Amino acid sequence: MVNLGKWYDPISERWIAPREPRLEAASSSTSENHVLELQRTVEIRRIWRALVDCCARG
């Protein structure tokens, strides 16, 4: 990860400091979200392939 440091915002005319990254241990909810996202991705790919196959037959 690149740390850009402070940067100047000409609209607000002030220097902006980046937020400190939060260090969190991998929680069970994070793992659950990751699994759900993977399942969703697999389902989307399955539906897309079925749609392409259906259209290719027509």
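Start by selecting Trp 48: you'll find this residue in helix α1, which covers residues 28-57. Helices here are DSSP runs of H or I with at least four residues, strands are runs of E with at least two, and both are numbered from the N terminus. What you're looking at is a predicted model, where local features need pLDDT of at least 70 and side-chain atom pairs count only at pLDDT 80 or more, while totals for chains, interfaces and linings use all residues. Residues are numbered from 1 along each chain as its sequence is written, and side-chain values use heavy atoms, leaving out hydrogens and water.

Is Trp 48 buried or exposed? Trp 48 counts as exposed, because its relative accessibility is 57%. (Buried means under 20% relative accessible area, exposed over 50%, and partly exposed in between, with a 1.4 Å probe and protein chains only.)

A disulfide is a covalent bond between the sulfur atoms of two cysteines; the cut-off here is a pair of cysteine sulfur atoms within 2.5 Å. The whole structure has zero disulfides. Cys 54 is partly exposed at 49%, whereas Cys 55 is exposed at 56%.

Now zoom out. From the N terminus, the elements go β-β-α. Colour by pLDDT, the predictor's confidence in each residue from 0 to 100: strand β1 (residues 7-9) has the lowest mean, 83, and strand β2 (residues 14-16) the highest, 88.
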